Amino acid sequence: MSNTSQERLAAGTMVPGLLGCGLRLPDSTCLSYSFDEMYPREHWDSILNQLAEMMTSLAGQGLAPRRLTWTFEQGQIFLIPRPDGALLALATQPNTEAAENVDQLAEEFFSLTPGD
Amino acid sequence: MNATAKQYQILFVDDDPDFLAMIQDFFATLGEKIWQIHCATSADQALQLLKARKMDLVVSDVNMPMLDGIQFLHILNRSHPDLKKAVITANATEEKRSACLAEGAELFIEKPRSPEGLKSIFIMLEELITWTPQEGFQGVLRRVGLQDVIQMECLGRTSSILEIHNLQLRGRIYIEDGRIIHAQAGDTAGEAAFYKLLALPSGEFQLQPFESPPKRTIEGQWEFLLMEAARVHDETVAEAAAAGLVSPSEPAPGVEPSIAAPDAGTRVKETLICSGTGDPLYVWQCPDRPARVALLREVAQQAARFSQLMPLGNFDRLEIQLADSRAVAQAGADRMVFVRVSSLKEEPATRIQ
């Protein structure tokens with residue numbers, strides 16, 4: 001992954017309530033950031049891979065999501081797929097600025113070209 | 001990550017630069033570092049600023065060249081419906097006040113003539129900017145069925161009161177933490193009232209914030225209540241059809257003609273409710289039940305893994321946004337639910353109050 005992606009991902013995610021985020025590229029390489037010690041980076045690869053599996057399962061049932069939102073008592077996980085197969089996952093506290101700004105973060109993600 | 005106090009972005013729009021300078025001086029001092037004040041001398045300049053930055057409040061003059069304050073409010077109401085708006089004018093008239101409030105302004109204030117007046121305005125604006133809308137929402141949705149709304153409220157485990165009325169009947173359904181606990185329709189209460197309200201072919205409803213009902217008359221699971229309501233409704237229509245009163249596709253007698261009759265069958269695209277072990281309890285237009293059950297099991301497994309990896313707490317639901325619809329999947333130990341509905345973009349609500 002180029003520095004452009006990393007810088008833009010980091011800059012675009014400095015939002016209150018964001019616990020962590022991860023990016024999974026079509027070649028399965030992952031990049032992750034943690035903004036809360038309870039949401040460590042080392043778990044993000046596993047989460048991203050599981051989310052990718054879920055995308056495959058959904059596609060197998062004729063469901064091609066534009067977004068997945070996993071809602072738990074203490075947090076939400078958003079997954080936004082890009083047409084090239086890249087996946088952006090965000091973990092947020094519920095009802096926070098981060099949860100409200102998922103669209104903006106997604107736009108940033110979509111603005112990255114596949115080569116970035 | 002910084003945990004700084006929220007800074008409010010406030011945009012003042014006035015063609016008088018001296019007034020703007022005075023506002024900036026005075027309010028920046030009163031607002032200390034909490035208010036960040038932006039100024040525009042015209043509506044188009046204000047719109048440019050709004051494109052570049054999210055504002056919390058816009059305070060506009062009325063008498064401005066080119067695009068006056070009322071037209072500006074009209075545009076804002078469409079482009080930024082959630083933005084708080086106030087009007088401040090030197091020529092306050094009842095006509096202007098009505099027009100501004102009708103265009104979405106929350107406050108209509110006369111321009112002050114003294115520092116004390118400015119301070120009063122500051123207090124009013126501060127009250128407005130920190131005001132949080134009451135939890136829940138009010139609205140009128142057309143072309144969205146009552147069943148859809150009840151399903152979404154129950155699936156979301158929210159608490160609310162659904163007020164329903166048409167020309168013949170007025171009633172309320174109380175939902176607490178996703179459970180239907182009481183219904184009242186005219187003089188009827190309990191499940192009978194619930195079925196009566198669900199049998200209405202048309203009308204209006206509003207979701208109100210929850211408050212405890214005068215009594216609790218319903219205990220059953222919402223899924224079965226909805227199924228029973230559908231059965232009662234079908235029977236009523238069939239009986240009316242058999243008596244030659246209506247055709248099966250028409251509303252039952254005793255209720256008003258359709259105002260905006262829901263286009264039944266196109267809103268909820270599929271529903272699957274099954275036990276925690278996957279035994280079907282209710283299936284409607286589910287294209288491949290075993291596959292959906294497998295999907296729900298996978299959702300449950302993945303949610304459990306996420307909860308192990310991160311302190312997310314109990315899993316509530318997975319929402320799947322699709323191109324033409326959205327789905328909600330819930331997978332609990334005792335029950336699994338999959339509901340897919342047409343997206344609101346496909347069938348827009350025609351009026352939101």
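**Pairing in the sheet**

Author: In chain B, strand 11 (residues 268-275) pairs with strand 12 in the antiparallel sense over 4 bridges. This is a predicted model, in which local features need pLDDT of at least 70, side-chain atom pairs count only at pLDDT 80 or more, and totals for chains, interfaces and linings use all residues. Residues are numbered from 1 along each chain as its sequence is written, and chains are lettered from A and ligands numbered from 1 in the order in which they are written.

Reader: What makes strand 11 and strand 12 of chain B a pair?

Author: Two strands pair if DSSP finds at least two bridges between them. Strand 11 and strand 12 of chain B have 4 bridges, so they meet the definition. Within strand 12 of chain B, Y282(B) stands opposite I273(B).

Reader: What counts as a strand or a helix?

Author: Both are DSSP runs numbered from the N terminus: helices are H or I with at least four residues, strands E with at least two. On that basis chain A has 4 helices and 5 strands, in the pattern α-β-β-α-β-β-β-α-α along the sequence.

Reader: Why is one side of strand 2 of chain A and of strand 12 of chain B left without a neighbour in the sheet?

Author: The open, antiparallel sheet has 10 strands in the order 2(A)-1(A)-5(A)-4(A)-3(A)-13(B)-14(B)-15(B)-11(B)-12(B). Strand 2 (30-34) of chain A and strand 12 (280-284) of chain B stand at its edges, each with a single partner strand, so one side of each has no neighbour there.
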